[in-house]
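Subject: Structure handover

Hello,

The structure you asked about is below, with notes on what was found in it. Please read the two side by side.

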Amino acid sequence: MTIARIIGILNQMEADAVVGRYAIGGAVGATFYLEPVATVDVGVFVVIPQQPGRALLSLRGVFDYLTARGGVVQGECIVVAGWPVQFLPPTSALVEEALAEAVSVDVSGAPARVFTAEHLAAIALETGRAKDYTRLLQFIEGQVIDESRFQLMLQRHGLSDRWRRFETRFLQDQS
Amino acid sequence: MAEIRNEVSTGSVVSANLRRIIDSKRAFRRALAQRPIDQKLALLDELRDRALAIREAAIRQKARVVEERLPD
């Protein structure tokens, strides 16, 4: 199973300090809680170690590490074990929190760090594309979110109004 | 009146069947969601292979249509 191989590689990258901490998000992350849905890449959120003398964070170290081990750069992704993997530094306080609070799940005997269901749902609401709303609806229908934890998260990250608009648009009058 | 009664009862049957289909799909998705993570990730591999095959077939089909339309 190739995603299991990717998880092994991610764990090794963390051990080798190529990344500070990683967690799987996006559609592959959602698979840990919901039914599998077709996706063409793996989104991995990472803490990038600050390089001395550089103000901006760079994924150069990640790409160099993986290409030296057979990875092939493809646009913004790098193809590892047959899957395009997109490495994403956190771009919001919500994603930073998701990365810090990610949980470890056993996959074929190896630990895999993945965002919690509540964080995945909140990030979907924050990102706000049509496919993100589809995923959020799947989380709600699947009843895999702790409601009170989710609402507190939305309040903490200024997403309550956006949630109310989402509720009005997609969840009201469901009979 | 008999026609209207028939239409209403047929409509109820259709709604009941549709409800059964929706419930059955929901139950199937729930069962899939509850599978072990290793199985679900293996399914992701298969779903991706299938999605790529469909995409490539669509690209080839488009190329064939363009070729057929080009003037001699």
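Which residues of H1(A) are buried? They are A:Ile3, A:Ala4, A:Ile6, A:Ile7, A:Leu10 and A:Met13, where buried means under 20% relative accessible area, exposed over 50% and partly exposed in between, with a 1.4 Å probe and protein chains only.

Before the rest, the conventions. This is a predicted model, in which local features need pLDDT of at least 70 and side-chain atom pairs count only at pLDDT 80 or more, while totals for chains, interfaces and linings use all residues. Residues are numbered from 1 along each chain as its sequence is written, chains are lettered from A and ligands numbered from 1 in the order in which they are written, and side-chain values use heavy atoms, with hydrogens and water left out. Helices (H or I, at least four residues) and strands (E, at least two) are DSSP runs, numbered from the N terminus.

Helix H1

H1(A) covers residues 2-15, which is 14 residues. From its first C-alpha to its last it reaches 20 Å, close to the 20 Å expected at 1.5 Å a residue; the expected span is 1.5 Å times one less than the number of residues. Just after H1(A), A:Ala17 has a positive phi of about 60 degrees.

The strands

Strand E2 of chain A (residues 42-46) is largely enclosed by the rest of the structure, because 5 of its 5 residues are buried. On one side these are A:Val42, A:Val44 and A:Val46, and on the other A:Gly43 and A:Phe45. In a regular strand, side chains alternate between the two faces of the sheet.

E2(A) pairs with two strands described here; two strands pair if DSSP finds at least two bridges between them. With E1(A) (residues 22-24) the pairing is antiparallel over 3 bridges, and A:Ala23 has A:Phe45 as its bridge partner. With E5(A) (residues 83-88) the pairing is parallel, over 4 bridges, and A:Gly43 is partnered by A:Gln86.

E5(A) is also joined by 3 bridges to E4(A) (residues 77-80), in the antiparallel sense, with A:Ile78 opposite A:Val85. E4(A) and E5(A) form a hairpin with 2 residues between them.

Two positive phi values in loops

Most residues other than glycine have a negative phi. A:Ala81, in the loop between E4 and E5 of chain A, has a positive phi near 50 degrees. Its relative accessible area is 17%, so A:Ala81 is buried. A:Ser108 lies in the loop between strand E6 (103-107) and strand E7 (110-114) of chain A and also has a positive phi near 50 degrees. A:Ser108 is partly exposed, because its relative accessible area is 49%.

Helices H5 and H6

H5(A) (residues 117-127) and H6(A) (residues 130-142) pack at about 150 degrees, with axes 8 Å apart. Axes are lines fitted to C-alpha atoms, for helices over the stretch in contact, and angles run from 0 to 180 degrees between N-to-C directions. Residues in contact (heavy atoms within 4.5 Å) include A:Leu120, A:Ala124 and A:Leu125 in H5(A), and A:Tyr133, A:Leu136 and A:Phe139 in H6(A).

A:Ser160 is in helix H8 of chain A (residues 160-171). At 17% relative accessibility, A:Ser160 counts as buried. Leaving aside neighbours within four places in sequence, A:Ser160 is in contact with A:Leu154 and A:Gln155.

Regards
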